[in-house]
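User: Hi! I have a structure here and would like to know what the words used for it rest on. Could you take me through them?

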Amino acid sequence: MTQRVALVTGGSRGIGAAIAAKLAEDGFDIAVTYASNAAAAAQVVATIEALGRRAVAIQADGATTHGNIAAITQTVAALGRLDTLVCNAGIYPYGPIGEMTVEQIDRTLHLNVRAVMVETMEAVKHMGAGGRLIYIGSAFGERAPFPGISLYSATKAALGGFARGVARDLGGRGITVNVVEPGPIDTDLNPAHGDGAATIRSFTATDSYGKVSDIADMVSFLASPRAGYITGTCLAVDGGLTA
Ligand code: NDP
């Protein structure tokens with residue numbers, strides 16, 4: 001079988017690092033992008049290389065147009081092809097809408113939404129049949145259970161609409177596109193014992209935080225040939241937060 005290649009944006013820490021390691025276990029060579037944490041990205045590369053796969057870390061700010069395009073072109077230049085794109089990099093602005101700044105709104109839209117569009121636009125130029133586009137949305141894209149998350153919720157909700165349209169564009173080429181919508185997952189962005197964690201946890205049916213591996217396992221399945229008939233949909237991995 002031809003060696004497959006996956007790119008995971010924001011793959012230096014948290015959910016993205018777990019996805020990168022899982023896809024490497026599945027046999028992919030891996031590119032990860034990171035914003036500033038070169039040491040964490042280097043650690044992910046070392047983990048993947050220890051599994052016998054090729055890996056490259058790319059510094060690319062997903063909030064800029066050039067960052068998005070460079071992530072794709074550098075992956076293909078370094079690893080020769082692109083089969084799976086996981087758009088994972090994201091930020092979580094928190095606060096009442098009246099207290100947000102225009103800069104916060106722009107930066108969040110650029111990274112959480114626009115980057116996904118630009119990366120998809122560029123990636124599909126390199127993908128063939130069996131290609132996979134997987135976006136990390138959020139349960140808060142389906143439900144806003146408490147105040148202060150309007151901007152974040154809006155950006156994550158946008159991914160479902162984009163994926164439905166892209167699925168129609170690419171279905172005939174054998175490329176699927178789906179959104180994985182995590183509930184609370186224990187990472188630097190949302191520590192299971194941080195401020196407000198008990199409140200967030202109370203909105204789940206399981207009364208628990210999830211693990212990064214819960215999301216990586218779903219992405220692993222979607223990236224596999226077994227998921228070829230799943231496209232244009234949002235899949236909750238949220239401990240029942242949206243139940
Ligand atoms: P973390 O904050 O733990 O990790 C964020 C990752 O994204 C890091 O690798 C970081 O790089 C990278 N990143 C941040 N800003 C940029 C940027 N401008 N350009 C490129 N990369 C960037 O986040 P999580 O792992 O928790 O979240 C990952 C995704 O999952 C996000 O889209 C988030 O919205 C979503 N999500 C998370 C949930 C949770 O409870 N944790 C719940 C639902 C959705 P660096 O290391 O260089 O800083």
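Analyst: Happy to! Helices (H or I, at least four residues) and strands (E, at least two) are DSSP runs, numbered from the N terminus. Taken that way, the elements of the protein run β-α-β-α-β-α-β-α-β-α-β-α-α-β from the N terminus on, and they come to 7 helices and 7 strands. Please keep in mind that this is a predicted model, where local features need pLDDT of at least 70 and side-chain atom pairs count only at pLDDT 80 or more, while totals for chains, interfaces and linings use all residues. Residues are numbered from 1 along each chain as its sequence is written.

User: How do you know whether the radius of gyration agrees with a compact globule?

Analyst: The radius is taken over C-alpha atoms, and the globule rule is 2.2 Å times the number of residues to the power 0.38. With 243 residues, the rule gives a value near 18 Å; the protein has 17 Å, so the two agree.

User: What makes a residue count as buried, and what share does?

Analyst: A buried residue has 20 or more other C-beta atoms, placed from the backbone, within 10 Å of its own. Of the 243 residues, 48% count as buried.

User: Which residues come nearest to the ligand?

Analyst: Near means that the C-beta atom, placed from the backbone, lies within 6 Å of the molecule. Of the 33 residues around the ligand, Gly 10, Gly 14, Asn 37, Gly 90 and Thr 187 come nearest.

User: Which element gives the most to that shell?

Analyst: That is α1, with 3 residues. Both α1 (14-25) and β2 (29-34) supply at least two.

Note on methods. A residue is buried if 20 or more other C-beta atoms lie within 10 Å of its own, exposed if 12 or fewer, and partly exposed in between; C-beta atoms are placed from the backbone.
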